[in-house]
Amino acid sequence: MPTDKFFIYLAVMAGVTYLIRALPFALCKNKVKNKFIKSFLYYVPYAVLAAMTFPAVIYSTDGIIPGIAGAAAGFFFAYKRKSLLMVAVVSCMAAFMVQMLCMLL
């Protein structure tokens, strides 16, 4: 890709990103008082993060079954309120073991 095109694309991307972040501040002068909108805006980052992360977790291995096994192990340990490190390690181990088991069969 030519350098001049790269910088044009970069400038457009930076402008769009800035507008998306700055526009709510410019349009909403008062504090949001509606409970529904406040609760909706509170959970949007978590929902977006989950929507971006979950497919990558499932399809990160050679097959879908080890990914599901790792996600299930992670959900279980997160539900039991274990540390983030333990959840990540157990998820990786579960996916790895199921992957090895699938390769043997």
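Guide: Let's start with rings: those of Phe, Tyr and Trp (its six-membered ring) pair if their centres lie within 6.5 Å, and planes under 30 degrees apart count as stacked, over 60 as edge-to-face and the rest as tilted. This is a predicted model, where local features need pLDDT of at least 70 and side-chain atom pairs count only at pLDDT 80 or more, while totals for chains, interfaces and linings use all residues. Residues are numbered from 1 along each chain as its sequence is written, and side-chain values use heavy atoms, leaving out hydrogens and water.

Visitor: How many aromatic pairs does that rule give here?

Guide: The count comes to 5 aromatic pairs. Phe6 and Phe7 form an edge-to-face one, with 5.3 Å centre to centre and 70° between the planes.

Visitor: Where does H2 bend?

Guide: At Val44, by about 35°, and a proline, Pro45, follows within four residues. That bend is the angle between axes fitted to the seven residues ending there and the seven starting there.

Visitor: What happens at the start of H2?

Guide: A side-chain oxygen of Asn34 comes to within 3.0 Å of the backbone nitrogen of Phe36. A polar contact is a pair of N or O atoms within 3.5 Å; within protein, one must be able to donate a hydrogen and the other to accept it, and residues adjacent in sequence count only if both atoms are side-chain atoms.

Visitor: Which residues of H3 are buried?

Guide: Pro66, Gly67, Gly70, Ala71, Ala73 and Gly74. They cover an arc of only 160° around the axis, so they sit on the same side of H3; the arc is that of the directions from the helix axis to the C-beta atoms. The face turned away from that buried side carries the exposed residues Ile65, Phe75 and Tyr79.

Visitor: What do the buried residues of H3 pack against?

Guide: H2 and helix H4 (84–104). Contact means heavy atoms within 4.5 Å. Take Ser91, found in helix H4 and buried at 16% relative accessible area. Leaving aside neighbours within four places in sequence, Ser91 is in contact with Gly70, Ala73 and Gly74. A polar atom of the Ser91 side chain also lies 3.3 Å from the backbone oxygen of Gly70.

Visitor: And Gln99, what is it in contact with?

Guide: With the same exclusion of neighbours within four places in sequence, Gln99 is in contact with Thr61, Asp62, Gly63 and Pro66. Gln99 belongs to helix H4 and is buried, at 12%.

Visitor: Which residue takes a positive phi just after H3?

Guide: Arg81, at about 60°, although it is not a glycine. Arg81 sits in the loop between H3 and H4 and counts as exposed at 76% relative accessibility.

Definitions and conventions:
Helices (H or I, at least four residues) and strands (E, at least two) are DSSP runs, numbered from the N terminus. Buried means under 20% relative accessible area, exposed over 50%, partly exposed in between (1.4 Å probe, protein chains only).
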